[in-house]
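Hello,

Here is the structure for you to look through. My notes on what was found in it follow below.

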Amino acid sequence: MSSLTEKDRPIVQLLLNAGTCPRCILRFCCVGSQMLYRHPHKELMKDLQEFLKSNQGKEDTVCLDVADPPCKRIRLEPREEGADDRNHNGAVPSADDGNAATESSAVKVCNVCLGILQKFCEADFVKKVCQKVNSADYQFTSFVFSVSLPPQLSVRERAAWLGVKQEMRNLGLPLAKDDIVQLKEAYKWIIHPQLSEELGVPADGKSLFEVSVVFAHPETDEECHFLATACPDCFKPAKNKQSVFTRMAVIKALEKIKEEDFLKHFPCPPSSPKKLCDALEIQCNNGAVFVAGRYNKYSRNLPQTPWIIDGERKLESSVEELISEHLMAEFKADSFNFSSSGREDVDVRTLGNGRPFAIELVNPRRIRFTAEEMKRLQQAINDSSDKIQVRDLQLVTRSAIGRMKEGEEEKTKTYSALIWTDKAIQREDITFLDDIKELKLHQKTPLRVLHRRPLAVRCRLIHTMRAEYIDEHHFRLHLKTQAGTYIKEFVHGDFGRTKPNIGSLLNRTADILELDVESVDVDWPPTLAD
C-alpha cells in the first residue's frame with residue numbers, strides 16, 4: 001500500500017495538466033512502493049483521477065491500494081498503434097465525462113520521462129530485450145540491468161520540479177528535491193521482475209552479466225545547450241566523448257545554475273514532446289573471465305607477444321597467440337589481454353616448470369568449464385604446436401592474478417647460459433665463479449631495449465653461480481639471480497654498461513651463445529594433479 005495525502009493534491013493536478021505520466025507523478029509525490037509502479041498506466045491514472053475527485057477540501061489520507069500482490073511479471077495491456085487513451089499518457093479528462101479516459105485517441109508523450117515510463121515498460125519491449133539477450137547466446141545465472149538516459153531528461157526533471165516547487169511555495173508547503181524517486185530507480189522497479197521472469201534468472205546488482213539499454217531523444221537534444229552558456233566550465237571536451245553534453249556534465253551544470261537563470265531559458269513545467277524516446281541500443285556484456293597457467297617455450301625463434309615493427313610482422317606467431325587462439329574460440333570472447341611473470345627474449349627458451357601467465361578474456365559468451373574440460377583445452381593447446389607446452393591451466397579470479405605480480409623485485413630466476421670466450425680457458429680459470437655469492441651489479445639500461453625503457457642504472461644481484469667447463473672456448477654457467485637482471489649484458493658487458501660482468505671477471509672478451517630460463521620462482525598458479 002502507498003498513500004497520497006492532501007498536500008500531494010496540487011502536485012498531482014499540476015503535473016496531470018502539464019502532460020506528465022502517472023508514474024512520474026508518483027515519483028514527484030515521493031511514492032516509494034515498487035509494486036505500485038508496476039501497475040498498468042490505466043489503473044494508475046484511474047487511481048489518480050479518483051484521488052483528485054475524492055476528499056476535496058479534507059485532510060484525510062487517500063490510499064492507492066494494491067489489492068493483491070501482482071505477479072512477478074506484469075503483462076501490460078497492448079494498445080493499437082496510433083490509438084490510446086489520454087489518461088494513459090497523462091492528459092486530464094473532463095470531470096463530468098467518466099469515459100474520456102478510455103475514449104480519447106490522442107497519444108501524449110510524458111513531458112518528463114519522454115515515454116520511458118510508458119512504452120518502454122510494456123511487455124512487448126521487455127520481450128524485445130530478452131530476444132536480444134537470448135540470441136547473443138551468453139551463459140549467465142543472474143543479470144544486472146543498466147540504463148543510459150538522454151541528458152536532457154535531467155533538464156526536464158529540473159523544470160518539472162521547479163514548477164512543482166513554485167506551486168507548493170504558493171501554498172506554503174515544503175518540497176525537498178532529495179525526496180523525488182529517481183527515474184532510473186523507478187524504471188528498474190518496473191522492468192526487473194519482467195526481465196527476471198522472461199530470462200528465468202534473478203536480477204542481482206553484483207552480477208557480472210549486464211543487460212543495458214541506451215535511450216535517445218533527438219527531438220529534444222538541444223535542450224541542454226543553454227547550460228553551456230550559463231556554466232561553460234562544466235562542459236569540457238574529452239577525447240573519448242562524442243559530445244560535451246554528457247549526463248554528468250548536465251547534472252553538474254544544473255547543480256550550479258541559479259534558479260532564476262534556469263527559468264529564463266526553460267519552461268516550467270516542460271512542454272510535451274511529439275515523439276517517444278528511441279531505444280538506440282540493447283547490449284549484453286559478460287564480465288571478464290581469467291585463465292592462468294604456466295607455459296614452456298622450446299623454440300629459439302618465437303617471441304612471447306606478436307613481434308611487429310612499423311606495422312610489419314617479423315615472425316608468424318608468438319606464445320601469446322598460440323595459447324589465446326584456443327581460449328578465444330572456447331570461451332567465445334571478444335578479445336583478450338595477456339600478462340605473465342616477466343618475459344623472455346625471442347631466442348631464449350623457458351624450461352623447467354615454465355613461466356606463470358594469465359589471460360583476461362573480455363566479454364565471453366561461455367563462462368562455465370569443468371576441471372575436465374580445462375584439461376582437454378590444455379591438451380588441445382599442447383597438441384597444436386611443438387614450440388610451447390602449457391600446464392596447470394585453470395580458471396582464476398581477477399584478484400588472484402595480483403599474486404603473479406607480487407614481489408616482482410623479490411622473486412628469483414634460474415638461468416643456464418652457454419658462454420664463449422675469445423681467449424682459451426682451462427677448467428681452473430672458471431672455478432672461482434662457483435664461490436661468488438650475492439654479486440652486486442650496476443646495469444645501465446641495455447642498448448637493445450633503450451628505445452622502449454627509460455635510461456637508468458639498476459642495481460641487481462647474482463645470488464649464486466656454477467660453471468661447467470666444456471672446452472677451451474666454451475662453458476655453461478648456471479645462475480640464480482634477482483628478477484629483472486639482464487643476463488646477456490651480465491655476460492658480455494654491453495660495452496661497459498653492466499659492471500661487473502663475466503668478461504671483466506675473466507679478464508677476456510665473453511659472449512653468450514644460448515640462454516635458457518630454468519625456473520621462475522613464483523608459487524602461482526596452484527599446481528594441478530595430472
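**Helix pairs**

α1 passes α8 in a right-handed crossing. A crossing is called right-handed if the near helix is turned clockwise from the far one by less than a right angle, and left-handed if anticlockwise. Helices here are DSSP runs of H or I with at least four residues, strands are runs of E with at least two, and both are numbered from the N terminus.

Before going on, note that this is a predicted model, in which local features need pLDDT of at least 70 and side-chain atom pairs count only at pLDDT 80 or more, while totals for chains, interfaces and linings use all residues. Residues are numbered from 1 along each chain as its sequence is written, and side-chain values use heavy atoms, with hydrogens and water left out.

Helix α1 covers residues 9-18 and helix α8 residues 152-170; their axes come within 10 Å and cross at roughly 135°. Axes are lines fitted to C-alpha atoms, for helices over the stretch in contact, and angles run from 0 to 180 degrees between N-to-C directions. The two helices are therefore oblique to each other. (Angles under 35 degrees count as roughly parallel, over 145 as roughly antiparallel, 65 to 115 as roughly perpendicular, and the rest as oblique.)

Which residues of α1 and α8 meet? On the α1 side they are Pro10, Ile11, Leu14 and Leu15, and on the α8 side Gly163, Val164, Glu167 and Met168. Contact means heavy atoms within 4.5 Å. By class, the contact of α1 with α8 has six nonpolar residues, one polar and one charged. Ala, Val, Leu, Ile, Met, Phe, Trp, Tyr, Cys and Pro count as nonpolar, Asp, Glu, Lys and Arg as charged, and the others, Gly among them, as polar.

Another helix pair is α13 (residues 319-331) with α14 (residues 371-384), packed at an angle of about 140° with axes 9 Å apart. α13 and α14 are therefore oblique to each other, and their crossing is right-handed. From α13 the contact takes in Leu322, Ile323, His326, Leu327, Glu330 and Phe331, and from α14 Met374, Leu377, Ala380, Ile381 and Ser384. Eight residues of this contact are nonpolar, two are polar and one is charged.

**Strands**

Strands of a sheet pair through backbone hydrogen bonds, either parallel or antiparallel. Two strands count as paired if DSSP finds at least two bridges between them.

Strand β4 (residues 209-216) runs antiparallel to β5 and is joined to it by eight bridges. Valine 214 has glutamate 281 in β5 as its bridge partner.

Elsewhere, strand β17 (residues 510-520) runs parallel to β10 (residues 349-362), with two bridges between them; threonine 350 stands opposite valine 517 in β17. Strand β12 (residues 412-421) pairs with β17 in the antiparallel sense over nine bridges, and serine 416 stands opposite aspartate 516 in β17.

**Single residues**

(Buried means under 20% relative accessible area, exposed over 50%, and partly exposed in between, using a 1.4 Å probe and protein chains only.) Leaving aside neighbours within four places in sequence, its contacts include Ser341, Arg355, Leu479 and Asp521.

The bond from cysteine 268 to proline 269 is cis, with omega near -5°, and proline 269 sits in the loop between α12 (259-265) and β5. The bond from lysine 499 to proline 500 is also cis, with omega near -15°.

Phenylalanine 495 has a positive phi of about 55° although it is not a glycine, and is exposed at 78% relative accessible area. Asparagine 507, in the loop between α18 and β17, also has a positive phi, near 60°.

Regards
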